[in-house]
Amino acid sequence: MQEFPEIGILHRRKIEAEIIKPIYEILTRDYGKEVAKAVIGEAVAQAAVESGKEFAAKEPNGTSVESFVALQHLWEQDDALTITVVENSHERYDYNVHRCRYAEMYQQMGLAEIGFLLSCNRDSKFIEGYAPQVKLDRPHTIMMGDGICDFRYCLRGKNNE
């Protein structure tokens, strides 16, 4: 079986968006934006949970905040994100995104109104499938017009549920 080189997530999202765009346009035409967004959002969320589970299955020692941090290069590849790490410990991984090429790409593709569904919404769903013991809080996103994305991952516990 021929192995294909792994492409970065930014490029993967572009390919997916090129496929989703005409589907979104047809759904919008036939059912309206609200239904189109709901369908795309649900499908992408399910795919993100499954992707998280697939990544988790490859972790020989189980998943943790540390194993998740070790995967971050995949999302940052191709200069996709400019970040500042706020905290990186056994229980927390907090960082801010100052530049998001995912948001820029969706804007250029005319998909800014569903960019959140295509990328941002995946984050909490991916971690749900990958490491359900880890929780994500992210009240701000560049995709939704904020100045930063403030990712706050922490182990679930008595004070974090």
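Biologist: What makes you say that strand β2 and strand β4 pair, and in which sense do they run?

Modeller: This is a predicted model, so everything here is computed from it. Two strands count as paired if there are at least two bridges between them. Strand β2 (residues 92-100) and strand β4 (residues 149-155) have six bridges, in the antiparallel sense. Six meets that cut-off, so we call them a pair. To find the spot on screen, look for Tyr93, which stands opposite Tyr153 in β4.

Biologist: Why are β1 and β3 said to stand at the edges?

Modeller: The sheet is open and has four strands in the order β1-β2-β4-β3, with antiparallel pairing. β1 (81-88) and β3 (134-137) each have a single partner strand, so one side of each is left without a neighbour in the sheet. From one strand to the next, the twist averages 20 degrees.

Biologist: Which strands does α6 touch where it packs on the sheet?

Modeller: Helix α6 touches β3 and β4, and its direction makes about 170 degrees with that of β3.

Biologist: What makes a residue of α2 count as buried, and which ones are?

Modeller: Buried means under 20% relative accessible area. Those in α2 are Ala36, Ile40, Gly41, Val44, Ala45, Ala48, Val49, Gly52 and Ala56. Their cover includes α1 (9-31) and α6. Here is a handy rule for reading such a list: an α-helix has 3.6 residues a turn, so residues three or four places apart point the same way.

Biologist: How do α1 and α2 meet?

Modeller: Their axes come within 7 Å and cross at roughly 140 degrees. The contact includes Ile20, Ile23 and Tyr24 of α1, and Ala36, Ile40 and Val44 of α2. By class, this contact has 10 nonpolar, one polar and two charged residues.

Biologist: And at what angle do α2 and α6 pack?

Modeller: Helix α2 (residues 33-57) and helix α6 (residues 112-130) pack at about 35 degrees, with axes 7 Å apart. The class count for this contact is 12 nonpolar, five polar and seven charged residues.

Biologist: Which hand does the crossing of α2 and α6 have?

Modeller: α2 passes α6 in a right-handed crossing.

Technical notes
Residues numbered from 1 in each chain as written. Predicted model: local features only at pLDDT ≥ 70, side-chain atom pairs only at ≥ 80, totals over all residues. Heavy atoms only, no water. Axes fitted to C-alpha atoms, helices over the stretch in contact; angles between N-to-C directions. Helix = DSSP H or I, 4+ residues; strand = E, 2+ residues; numbered from the N terminus. Left-handed = near helix turned anticlockwise from the far one by under 90°. Nonpolar A, V, L, I, M, F, W, Y, C, P; charged D, E, K, R; others polar. Buried < 20%, exposed > 50% of the residue type's maximum accessible area, 1.4 Å probe, protein only. Contact = heavy atoms within 4.5 Å.
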